[in-house]
Amino acid sequence: MSDGEAVIEAEGLTKVYPAAFRLFGDGGREKLAVDNVTFNVRRGEIFGLLGPNGAGKTTTVKMLSTLLIPTSGTATVLGLDVVRDAGKLRSRINLVSGGERGLYFRLTGRQNLEFFSDMYHVPREEKRRRITKLLEIVGLTEAADVRVEEYSRGMKQRLHLARGLVNEPEVLFLDEPTLGLDPEISRETRALIRHLSEEGVTILLTTHYMFEADELCDRLAIISEGRIKALGSPYSMKEAVRNDSIIEVEARELGEAQRRELADLPGVSAVSVEHLEGRQRARIVVANAPALIPTVAAMLESRRVISIRVDQPTLEDAYIKLVNGR
Amino acid sequence: MMSVRAMKAALKQQAIHFFVDPQWVIPSIIAPFIFTTVTLFLFRHTGGDLMLYAVLGGGVLGMWGNTIHSSSWSIGYDRMNGTLEAIMVTPAPLSSVVFGRCLWNAFLGLLNALAVFLVAQFAFGIDVTVRDPLGFLVALAATLLSLAVLGMVFGAFYVVTRASSALFQMLEYPIYVLSGAMFPLVVLPEWSRPFSYALPATWGAEALKIASLSGYDPLGLGYMGALGLTALTTLVFLLVSLWLFSFLEGRAKVNGTLVRY
């Protein structure tokens with residue numbers, strides 16, 4: 001992590017999507033997606049925006065990468081205003097979104113990179129050299145002249161990353177870069193992100209994978225319902241639950257009603273329920289786990305409990321506490 | 001601001017897409033060919049300049065059909081692919097990308113017009129000798145450029161909404177008539193003429209006909225007059241399209257509609 005200058009500065013950033021116009025039917029209501037968000041990212045840092053779906057992570061990234069105009073607040077990237085200086089800023093940043101879309105499927109990987117290099121006015125003599133190098137970095141040299149429609153999901157994601165690097169950006173925005181990838185490809189992608197950071201690229205990534213944020217990010221902001229709930233290093237986030245302990249319950253009939261009942265118990269600050277195959281796993285963040293176990297056991301007696309144990313808190317528990325906790 | 005580099009890259013990209021994606025053969029080659037064949041059958045007993053008029057009309061229809069399908073769909077295709085944001089995050093103006101693609105589509109239109117002439121000459125035995133070949137070629141180039149610019153105007157609407165296709169489907173057939181490609185402008189009702197006169201394709205088609213047909217000049221413009229009006233209306237549409245891109249991009253960034261498909 002670098003202690004250098006702030007290259008991304010968001011101040012009171014807010015985005016309200018207006019109600020959509022529909023000729024027929026209801027266009028819906030306006031939606032507050034990002035609410036008064038303030039943070040900065042230092043040069044060379046990997047900064048994470050962590051939050052559930054619909055939290056406002058992607059909207060924040062799109063405002064910072066000039067694709068959306070904020071409703072209020074200001075943001076600068078590399079000292080340039082994201083609205084006023086968008087034209088100047090674009091040649092120095094890039095955005096990579098996760099998922100299957102965002103590439104020309106009928107073109108080859110190399111043709112995709114050539115097209116986007118031209119969009120960035122990469123000097124012609126440099127273009128060929130850079131594309132060859134990028135294809136090598138992302139492991140697509142062999143498949144460079146194969147149409148993207150024949151790529152696997154992992155190959156597409158690696159091509160996305162190569163596309164995001166054609167202009168050698170100083171700041172790279174990664175929106176859910178490992179979304180839907182298998183574990184091995186995800187690990188390779190994370191290794192590539194770390195490599196880019198070591199090369200001096202400042203990275204702002206969004207994710208809802210706790211371990212990814214923990215593994216990659218120097219600092220992160222937990223965002224929920226458009227607001228930042230906590231900001232700091234993964235270590236400091238875990239500190240938020242340092243004095244807590246966890247009761248982990250596995251049962252066969254745990255539902256939302258039980259989650260609410262557990263959350264209302266005295267001393268409980270957050271409860272998450274994960275649905276596994278044929279069973280559910282509840283993690284209860286609590287000040288004194290041993291003291292509460294009899295109460296929890298009695299409450300869930302009729303819920304076909306498989307096991308109850310005490311565990312150490314993780315970043316995920318901190319996240320649940322910060323997002324859903326009291 | 002336009003970027004020549006982005007235009008060239010977009011033109012090349014559109015060309016590659018054309019060759020690897022057979023669906024474009026239908027609006028670009030087959031549909032105009034059918035139009036022309038039908039027109040020639042309708043006019044087959046008239047003979048003389050009227051047949052050439054029909055051939056020219058068929059050529060312009062082909063170019064227009066190509067423009068409306070390929071150029072206006074240009075941004076729709078990016079919406080479908082999810083590449084619109086990937087382009088808009090680059091420094092290249094979107095208008096340059098669309099113009100480059102429209103130029104390729106216009107070039108296809110040129111090939112299409114050539115095919116129409118060959119069919120007329122060899123399949124229907126129509127004498128397609130034009131009066132002023134050089135003037136004809138210049139007018140053809142101007143018409144193609146004007147159609148490319150018109151394609152840009154339509155393309156701009158796709159930036160803000162995917163629903164634009166409904167509007168363009170509606171516009172396709174009226175413009176066949178209003179541009180004078182199907183019928184001479186003088187036989188159209190008075191009220192429709194302002195619409196016809198606002199279209200660059202109208203004046204391009206007039207210049208083509210003046211250069212081709214002996215004694216044709218129903219509006220008394222002369223070749224240079226028709227060509228000048230083609231250039232003027234094309235310039236106006238170019239400025240309108242640039243403004244539209246700027247305005248509609250701004251709206252899409254406020255409303256967050258770039259990724260909806």
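Glu176(A) is buried, since 21 other C-beta atoms lie within 10 Å (a residue counts as buried with 20 or more other C-beta atoms, placed from the backbone, within 10 Å of its own, as exposed with 12 or fewer, and as partly exposed in between). The model is predicted, so that local features need pLDDT of at least 70 and side-chain atom pairs count only at pLDDT 80 or more, whereas totals for chains, interfaces and linings use all residues. Residues are numbered from 1 along each chain as its sequence is written, while chains are lettered from A and ligands numbered from 1 in the order in which they are written.

Most residues other than glycine have a negative phi. Glu176(A), although not a glycine, has a positive phi of about 50°, and it lies in the loop between strand S7 (171-175) and helix H6 (183-198) of chain A; helices (H or I, at least four residues) and strands (E, at least two) are DSSP runs numbered from the N terminus. Glu225(A) likewise has a positive phi, near 50°, and is found in the loop between strands S9 (219-224) and S10 (227-232) of chain A, but Glu225(A) is partly exposed, with 15 other C-beta atoms within 10 Å.

Strands S12 (residues 268-276) and S13 (residues 279-286) of chain A pair in the antiparallel sense over eight bridges, pairing being assigned if DSSP finds at least two bridges between two strands. They form a hairpin with two residues between them, and Gly278(A) in the turn has a positive phi of about 75°.

The contact takes 27 residues from chain A and 24 residues from chain B, two residues being in contact if their C-beta atoms, placed from the backbone, lie within 7 Å. On the side of chain A that touches chain B, the largest share, five residues, comes from H3(A).
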